[in-house]
Amino acid sequence: MPGPDSGRRLLPLADPDRDLRLAESAAVKVLRQAADTVDGTRVATCRLTPADDGADVRVTMTLDAALDHPLPDRVERVRQSVLHAAVRDLGLAVTAVDITVVDVLQPWPPHSPEPPTAGDTS
């Protein structure tokens, strides 16, 4: 269970000219949303850890994923979506995005055919 200061940590943004920081909880929310845009996935957990020098962060994420497409491809799409959001939307310098699939999602059921009309006797 997260401690009382969980998510209150401030992360440095990748701007060498300024001392800009972002709350970890805000960054996690944006990165989870980016990962969840990939069809057939749902984020279970997301954690950010400052790198050794404190200027970069490492993203560690667990996912639930459907198996209706190759899992390595789906995980790579999540990784790219998270990296893109980290750089473009947040200005975070990310050293790595580590992803572990922890559960399997059932794919959406196929669309059923249109219900029969009133005059259809078949």
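Contact, as the word is used here, means heavy atoms within 4.5 Å of each other. Helices (H or I, at least four residues) and strands (E, at least two) are DSSP runs, numbered from the N terminus. This is a predicted model, where local features need pLDDT of at least 70 and side-chain atom pairs count only at pLDDT 80 or more, while totals for chains, interfaces and linings use all residues. Residues are numbered from 1 along each chain as its sequence is written, and side-chain values use heavy atoms, leaving out hydrogens and water.

Let's start with the overall layout. The protein chain has two helices and five strands, and along the sequence they follow the pattern β-β-α-β-β-α-β. Of its 122 residues, 30% count as buried; buried means under 20% relative accessible area, exposed means over 50%, and partly exposed is in between (1.4 Å probe, protein chains only). Among contacts between residues at least 6 apart in sequence, 55% join residues at least 24 apart.

Now find the sheet. Three strands make an open sheet with mixed pairing, in the order β3-β4-β5; two strands pair if DSSP finds at least two bridges between them. β3 (41-50) and β5 (94-105) are at the edges with a single partner strand each, so one side of each has no neighbour in the sheet. On average, neighbouring strands here are turned by 15 degrees against each other, direction ignored. Axes are lines fitted to C-alpha atoms, for helices over the stretch in contact, and angles run from 0 to 180 degrees between N-to-C directions.

Take the two pairings in turn. β3 and β4 are antiparallel and share nine bridges; Pro 50 has Val 57 in β4 as its bridge partner. The hairpin of these two strands has six residues between them, and there Gly 54 takes a positive phi near 80 degrees. On the β5 side, β4 (residues 57-66) runs parallel to its partner, joined by 10 bridges. Arg 58 is bridged to Ala 96 in β5, and Thr 62 stands opposite Thr 100 in β5. Eight of the 10 residues of β4 are buried, so this strand is largely enclosed by the rest of the structure.

How does the chain get from β4 to β5? It crosses through α2, and this β-α-β crossover is right-handed: with the strands pointing away from the viewer, the path from the first strand over the helix to the second runs clockwise. On the way, the loop between β4 and α2 holds His 69, which is partly exposed with a relative accessible area of 45%. His 69 and Asp 39 are 30 residues apart in sequence, with their C-alpha atoms 10.0 Å apart in space.

Helix α2 (residues 71-90) packs on the sheet, touching β3, β4 and β5, and its direction makes about 135 degrees with that of β5. At 1.5 Å a residue, its 20 residues should span 28 Å, and the end C-alpha atoms are 27 Å apart, which agrees; the expected span is 1.5 Å times one less than the number of residues. Its buried residues are Arg 74, Val 75, Val 78, Ser 81, Val 82, Ala 85, Ala 86 and Leu 90. They cover an arc of only 130 degrees around the axis, which puts them on the same side of α2; the arc is that of the directions from the helix axis to the C-beta atoms. These buried residues pack against β2 (21-23), α1, β3, β4 and β5. Pro 72, Val 87 and Arg 88, on the other side of α2, are exposed. Just after the helix, Gly 91 takes a positive phi of about 75 degrees.

The other helix, α1 (residues 24-36), lies across β3 and β4 and runs at about 145 degrees to β3. The buried residues of α1 are Glu 24, Ala 27, Val 28, Leu 31, Ala 34 and Ala 35. Seen down the axis, they fall within an arc of 125 degrees, so they line one face of the helix. What covers them includes β1 (10-12), β2, β3, β4 and α2. Lys 29 and Gln 33 are exposed on the other side of α1. Ala 26 also lies in this helix and counts as partly exposed, at 33% relative accessibility. Ala 26 and Leu 90 are 64 residues apart along the chain, with 9.5 Å between their C-alpha atoms.
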